Every structure is written in C-alpha cells, then in structure tokens.
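This briefing goes through a few local features of one protein model. Please look at the sequence and the structure below before reading on.

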Amino acid sequence: MSLSLIGIIFVQAYYINGSVKNEKERFRFNVNKALNYVSNTIEENEISTYYDRFQSIIRDQKDIDSTAVSQLFIYQQNNNTKETLIYRSNVLEENYKLSSSLFDIGLDSMDITRIIGSSSIESYKNIDLKDKDFAQSPISKIIRDGLISDAQRINFEKSFKEATKRNPVHKRVSVEQIRELLSEKLKKDSINIDFEFAIYSNDLATKVHSDNFEYDKASTYSVPIFYDENNESIYKLLVNFPGDRKFIMSSIIGMILLSVIFTSIIILAYSSALFQLIKQRKISEIKTDFINNMTHEFKTPIATINLALDSIKNPKIIDDKEKVMRYLAMIKDENKRMHAQVENVLRISKLEKNELNISKDRLNLHELIEDAITHVELIVEDRQGYIKTFLDAPKASVLANETHFTNVIVNILDNAIKYSPEAPEIEVYTENVGTNILLKIKDHGSGMSKAAVKRVFEKFYREHTGNIHNVKGHGLGLAYVKRIVEDHQGYISVESEKDKGSTFTIKLPLIS
C-alpha cells in the first residue's frame, strides 16, 4: 500500500511537472511568434511606405542622371521548315539622384535606380542569320515591356536599409504602434495578460519602451528588429509579462487541483486504514490483557468456591454447623465478587450504548464523599493507612445520581489504595471555583508515566508494571468514571508523576 501510494504521488507530480513545462513551452512559442510577427510587420510597413513614395516620385521625375542597357539575343533556326525565331530581351537601368528630405532619412541626397525590362519574340521565313539587318518583316512578333518590380524593390530595400540604419530608432517606430500590433497578435493566440516592452540597441535601452518595462534576462523574450543591408541588426524588440507565471498556471490549475484533491483523498483513506489497523491491533492486545486479567480474577474465586464445596461435602465438616456457615459465607463473598466484576463490564457496555438510565437529584457532594469513604475505610485501616478530608467548599449542592456518583468516588479511592505499594495516604479536597465545585483526590502511591496519563481513561487500558497481575483490575473502572462524570456535565482530569502519586480532579456545576 505504501509503495503504491508513493508511486501514485510520484506519477501525479511527474505528470503535473510535464504539463507545466508544456504550457511554458507553448507560451514561449506563441510569444516568440507574436514578436516575429510584430518585427516583420513594422519593417514591411516602413519599407512599403517609403517604396510607395519612391514610386510616385519616379513617375514625376524627368531628369535621368545615367542609364545602362543590357541586351540578350537568342537565334533559333529550323532547317526543315526554314523558319527562324529570334528572342530579344533588354534591361534598362535609369539612375536618379533625389533629395533625401523626401524620405526623412538624414542624408543630403539619395541614389535611386529604376529598372525597366522589355522582351520580344520574332518569327522569320527564309532569312540568313549572318545578315543582321533583316529587310523583310517578321511573320509574327510578340512584344512585352514594363517595370521589373521584384528586382526594383529588392534594389530599393537594400539601399533603403543601408540609409535608414543611421536613423534613431524612435523616429522609425512608435510605442503606440508596437503596443497595438503586439496586443492584437497576442490576443489572437489567447494571451490576454498585461505586458511590457522595449527596443534595446546593443543591450542598451532606447527611447522606445513602455512605462513599466524592467529588463530581466530570465523572463524577457526578444527578437531582432530592423535588419540592415547585410541582414544584421543591432536592435532587439523585448517583451516581458509580469503575470506570466499566474497565467501559465491558470490554464492547468483545474487539473492540478483535481489531482491534489484525489491524491489527498487517497492519502487520507490510506492513513485512516493504517490508523485503524494500528488501533485494532492495540485494542486486540488490550482485550487479550483484559481476558487474561478476567480469567485470573475469576480463577481464584472459582477455586475458593470449589474448595469450600469439597470441604462441606466432607462428613467430618458437614455436621459442624459453624464451619459449614463459614464456608457458605466464603462462597457467597466470592460469588458476590464475581457478580460485581460482571456488573462492571455490563455497566460500561450499557453506557456506550446509551442504555443506562441515570436519574439525578439534588445532592450534597460532601455527603457523597463521606459515604464513599465508608466503603473503603476498613481496607485502608487494615493496611495501616489513612484518608484525610479537607471539605472546604461552602457550596456543595450538585445535581447527581447517588448510586453512580458514589461509585465514581469509590473507584477513584480504590485505585488510590491499589496503586499505593506502602500504606495508603490519601487526601480529599473540595473548593468552589466560580459556579463549579472541584473535588480533588490525591494519593502518594506509585503514580503513572506521561503516556499512561494520556490513556488512563480509555476502556481496557492498564499500564504494564512487569507482572500484569500484580494489581487486580480490568481497565474498566476509570472508563466508567469518565462516562458518569461527563453524563453529569462535569469534567475529570489527572495529574501524576512516577513514584510520587496521582491527583484526580473532578469539576461539577453547582445548583442554587
């Protein structure tokens, strides 16, 4: 059971840890995706804005600084059909020197190249390829021309990146633009938490940052931004999330709570089962001790009764009336003793089942104490001991059952006598405390250990003292005492020290 429980806890912890790692990786992936999107979008928007402006300027520009033309001819002749195909391709580069103020890039002027391309396919019949001047008209001719947009844009981007890398980053992008793009992209990926961002240049802060951004290498995500013509960048777009840990945990908190709850239930069930097993084992040991004690205490009276009966059967004794009466008295006393023991067991059983009907009357506690003392004073005197009373409580009226509460006091006094190895020395005190009366019974006997004090009121419990039968009893007397006192709305406690004696204190409510 222990190995299974440890295994379950380990598997749950491993699974939860794996789930947390997966959520962190998913969060990191989504954040990096959003950062790359923002970085690319900002760059593309910047280039597109200036490229559109460049196109409109070129359309209106009349002065060309220089031109360059490259031309490609391809001749193909079919000997069977006597047809000749001529493919002709021209590329025209027009160079302009424009004022950079139009682009706000911090330079006096800027060289711009416009690339124009044209191509044609001509078909001739019966011509000589050596003669470059074709007098006859072609059979068919297809002509295409126009701007070569891709090449032109690539050329523009390279020149633009080379020029703009000298500009301060705060002139190229605004805080509001970054916040809007980041917020939009993060929300699409279901990341609805606050974030802080900044742009750093060579690990130094720039003017582009949110109000509460604090750089922490461990929790900050970054991507390059604003690549130059060599595809390198000195800028990094950074973002961190003050509540990222809480956000990550929130996605799996339900699973974690369910796991913890069910694991806790298993632990509680296991602990309860283990506790019950240990408790049942202890109860089994206590009951075994109880049976041994009961057997021992019944064995002596039974043997005495058998001997007395055998003696009465003897012809020499049966005619001796005095001896017969003596043996009959012994049989009666031993039978009474066994009956009392059985009654004690039955009384505890009825108390536990709440079947014992205890009627209460207005009684004087001092009178109950004195009555109880008369039950044991002969035993005390026989052992040359004493019972001293200090009944100092001015008020002693309580609501109690005379028989049961007298038995309570007798039981405590009997314990004090039994556990006094020498002559019993017992003091009985009463005092008023508020609306209660305290009854203290103190002895100077063998006392109890701290472990015994905690369990002394448990049913069947008896402290071992080497020989289990050195003091007669079943461990039921004090259990009975506690149940009766509690039924009287009272409280009982004990203070004891080994070899120095014990003090039992009963607190009962007074009645006016």
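Predicted model: local features only at pLDDT ≥ 70, side-chain atom pairs only at ≥ 80, totals over all residues.

**Salt bridges**

- The structure holds 8 salt bridges, and three of them are described here: those of Glu486 with Lys482, Arg26 with Glu23, and Lys440 with Glu431.
- In the pair formed by Glu486 and Lys482, the closest N and O atoms are 2.5 Å apart.
- Both residues of this pair belong to helix 11 (residues 477-487), where Glu486 and Lys482 are 4 residues apart, or about one turn of the helix.
- An α-helix has 3.6 residues a turn, so residues three or four places apart point the same way.
- Arg26 and Glu23 sit 3 residues apart in helix 1 (residues 2-60), so about one helical turn separates them.
- Arg26 is partly exposed, at a relative accessible area of 46%, whereas Glu23 is buried, at 17%.
- Lys440 pairs with Glu431 in a salt bridge whose closest N and O atoms are 3.8 Å apart.
- Lys440 is partly exposed at 28% relative accessibility, and Glu431 is partly exposed at 36%.

**Helix 3**

- Helix 3 covers residues 175-188, which makes 14 residues.
- From its first C-alpha to its last, helix 3 reaches 20 Å, close to the 20 Å expected at 1.5 Å a residue.
- Which residues of helix 3 are buried? They are Val175, Ile178, Leu181, Leu182, Lys185 and Leu186.
- Seen down the axis of helix 3, these buried residues fall within an arc of 140°, and therefore they line one face of the helix.
- The face turned away from the buried side of helix 3 carries Glu176, Glu180, Lys187 and Lys188, which are exposed.
- Just after helix 3 comes Ser190, which takes a positive phi of about 65°.

**The second largest pocket**

- The second largest pocket holds about 320 Å³ of space.
- It is lined by 11 residues, and the closest to its centre are Lys279, Ile283, Ile286, Arg455 and Glu458.
- Helix 5 (residues 253-313) gives the largest share of this lining, 7 residues.
- By class, the lining of the second largest pocket has 5 nonpolar residues, 6 charged residues and no polar ones.

**The second largest cavity**

- How many cavities of 30 Å³ or more are there? The count comes to 2.
- The second largest cavity holds about 40 Å³ of space.
- Its lining consists of Glu43, Glu46, Ile47, Phe160, Lys161, Thr164, Arg172, Phe226 and Tyr227.
- Helix 1 and helix 2 (149-164) are the elements that give two or more residues to the lining of the second largest cavity.
- The lining of this cavity divides into 4 nonpolar, 1 polar and 4 charged residues.

Methods. Residues numbered from 1 in each chain as written. Heavy atoms only, no water. Expected span 1.5 Å × (residues − 1). Buried < 20%, exposed > 50% of the residue type's maximum accessible area, 1.4 Å probe, protein only. Arc of directions from axis to C-beta. 1 Å grid on protein atoms, 1.4 Å probe; cavity = no way out; pocket = protein on both sides within 12 Å on 5 of 7 lines; lining within 4 Å. Points joined across faces, edges and corners; volume = space filled by probe spheres on them. Nonpolar A, V, L, I, M, F, W, Y, C, P; charged D, E, K, R; others polar. Salt bridge = Lys/Arg side-chain N within 4 Å of Asp/Glu carboxyl O.
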